[in-house]
Every structure is written in C-alpha cells, then in structure tokens.
Amino acid sequence: MMKNIILFGKPGAGKGTQAVLLRDAFQLVHISTGDLFRYNIGNNTSLGALAKSYMDQGDLVPDEVTIKMLEAEVDANPDAGGFIFDGFPRTAKQAEALDEFLHCKDMNVHATIGLEVDEEVLIKRLLNRGKDSGRADDQDEEKIRNRFEEYNNKTAPLINYYKAQNKFHSITGVGTVTEISEQLIALLDSL
Ligand code: AMP
C-alpha cells in the first residue's frame, strides 16, 4: 500500500527532522519544498532568485512556481513507494493542486499529521537554529512572526480541508526527537 503522508506544523515544529525519520521507517521519498528552494538558491537558479525574495521576508513563495516545482520532484521519483511531504501544501490552492495531481496518477494523500508546538517555544527554537544554519528567515523575530502569520492565515485552514476527508491527525511536537518519532510511527502504523 502506497503511503503519501503530509506533515503540518508551524516553522520550527520539527517537520524536517521527523520527515527524515519517517522516510527511513516507511521507505518513503522525502520532499521538502523549503529544501528545494534553498537548493535552488545555492545553485543560483532563476527559481532560487525568485524564491529568495519571498523567503527572506518570511512570505510564502507564489503558488504557481511552488506547485510546478513539487510536481517535477514527484515526477522525478517514479519508483517511489510513497512520499513524505514536508512543508507542502501550505495553501488551499496547493492542496487542491496536489489532490488533482495525485489523482491523475492513481495516487492519493493517505494521511496528514500536525506537529503541535506553541509559538513562544518555536521562536526560541528558531532563533537557536538560525545561529547554526545561517538562515536569514530564522534570525529575526519579526520575520519569524510573519512566517507564523502566513501559517495561521493560509496553512492552518487546510486542517479543515483534510479533516473533512478524515485524513487529519495531530500529535504534540514537544519532547525528544525519539519520543515524537515513536508517536508518529505508531500513529501511521495504526492507520
Ligand atoms: P521551510 O523550510 O519549510 O520552513 O520553508 C522556508 C520558506 O520557503 C518558507 O518560509 C517559504 O518562504 C518557502 N516555502 C517553502 N515551502 C513553501 C510552500 N509550500 N509554499 C510557499 N512557500 C514555501
């Protein structure tokens, strides 16, 4: 059974860390749109230059380019047994595009899981991460708060979109990495 899983969570909730562990536990292909944008920035592509102007402010990159990039990455992995989507979809338009795209390939979204962490905890985590990662969007509290606002306005409504399909689950994102990954794996095993 092909499992396509979406991880939700505010910036810093641990999506990337947990996605890698789920990738290994379930032999999935991990797709992080944030990582793809950063890869493009690192390689000085025109997509990277476009994305950077939004990312540096903590704004979402426009849907059209984000959706195209995501679809190309899925198409680049035709032998995948399933995908773990990390940071996509982030808007209603992206969620609808993903459903339609997967449907055309006889695939679907199996489950979505939200990692719940309070914003004040996340700000501390992100400012800490920014010291090591050098990510401009992790170094400035105002930009971090803007990313939360983008999440609350544009991404949080997707919870109802997936709840209506009985595909939304959530767990706490506070605890050790191992504790959280054990809970995620148990949840996915139970579905
Ligand atoms: P992340 O690494 O997931 O925290 O993403 C970093 C930044 O990349 C976000 O703040 C956005 O600017 C951009 N980004 C990543 N994924 C998306 C997406 N699905 N839609 C729009 N922008 C995105």
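Me: How many bridges join strand 2 to strand 3, and do they run parallel or antiparallel?

Reply: Strand 2 and strand 3 (residues 83-86) are joined by four bridges, and they run parallel. Keep in mind that this is a predicted model.

Me: OK, and what stands opposite His30 over there?

Reply: That's Ile84, in strand 3.

Me: What order do the strands of the sheet have?

Reply: The order is 2-3-1-4-5, in an open sheet of five strands with parallel pairing.

Me: Which ones are the edge strands?

Reply: Strand 2 (29-32) and strand 5 (168-172) are the edge strands, since each pairs on one side only. From one strand to the next, the twist averages 20 degrees.

Me: What holds strands together anyway, in general?

Reply: Strands of a sheet pair through backbone hydrogen bonds, and the pairing can be parallel or antiparallel.

Me: Which strands does helix 1 lie across?

Reply: Helix 1 (residues 15-26) lies across strand 1 (5-8), strand 2, strand 3 and strand 4 (111-116). Its direction is at about 175 degrees to strand 3.

Me: And which strands does helix 2 touch?

Reply: Helix 2 packs on the sheet and touches strand 2 and strand 3. The direction of helix 2 makes about 65 degrees with that of strand 2.

Me: Switching to helices on helices: at what angle do helix 2 and helix 4 cross?

Reply: Roughly 100 degrees, and the axes of helix 2 (residues 33-42) and helix 4 (residues 63-75) come within 11 Å. Angles from 65 to 115 degrees count as roughly perpendicular, so helix 2 and helix 4 are roughly perpendicular to each other.

Me: Which residues meet there?

Reply: From helix 2 you get Thr33, Leu36, Phe37 and Asn40, and from helix 4 there are Thr66, Met69, Leu70 and Glu73. In this contact of helix 2 with helix 4, four residues are nonpolar, three are polar and one is charged.

Me: New topic: how many residues does the largest nonpolar core have?

Reply: It has 28 residues, and Phe85, Leu98 and Tyr162 are those with the most contacts inside it.

Me: Which helix gives the most to this core?

Reply: Helix 5 does, with five residues. Elements giving two or more residues include strand 1, strand 3, helix 3 (46-55) and helix 8 (158-163).

Me: What is Phe85 in contact with?

Reply: If you leave aside neighbours within four places in sequence, Phe85 contacts Asn4, Ile5, Ile6, Leu7, Ile31, Leu70, Val74 and Leu98. There's also a second, separate core of 22 residues, with Ile5, Ala19, Leu22 and Leu187 among them.

Me: Now Leu122: is that buried or exposed?

Reply: Buried, because Leu122 has 0% relative accessibility and buried means under 20%. You'll find Leu122 in helix 6.

Me: What does Leu122 touch?

Reply: Not counting residues up to four places away in sequence, Leu122 touches Lys10, Pro11, Gly12, Ala13, Val117 and Phe148. As for Pro89, 33 residues apart from Leu122 along the chain, their C-alpha atoms are separated by 20 Å.

Me: Last one, where is Gly130 found?

Reply: Gly130 is found in helix 6 (residues 119-133). Gly130 counts as buried because its relative accessibility is 0%.

Me: And which residues is Gly130 in contact with?

Reply: Arg135, Asp138 and Gln139, leaving aside neighbours within four places in sequence. The C-alpha atoms of Gly130 and Asp140 are separated by 8.6 Å, and these two are 10 residues apart along the chain.

Technical notes:
Residues are numbered from 1 along each chain as its sequence is written. This is a predicted model: local features need pLDDT of at least 70, side-chain atom pairs count only at pLDDT 80 or more; totals for chains, interfaces and linings use all residues. Side-chain values use heavy atoms; hydrogens and water are left out. Axes are lines fitted to C-alpha atoms, for helices over the stretch in contact, and angles run from 0 to 180 degrees between N-to-C directions. Angles under 35 degrees count as roughly parallel, over 145 as roughly antiparallel, 65 to 115 as roughly perpendicular and the rest as oblique. Contact means heavy atoms within 4.5 Å. Ala, Val, Leu, Ile, Met, Phe, Trp, Tyr, Cys and Pro count as nonpolar, Asp, Glu, Lys and Arg as charged, and the others, Gly among them, as polar. Buried means under 20% relative accessible area, exposed over 50%, partly exposed in between (1.4 Å probe, protein chains only). Two strands pair if DSSP finds at least two bridges between them. A nonpolar core is a set of buried Ala, Val, Leu, Ile, Met, Phe, Trp, Tyr and Cys residues joined through side-chain atoms within 4.5 Å.
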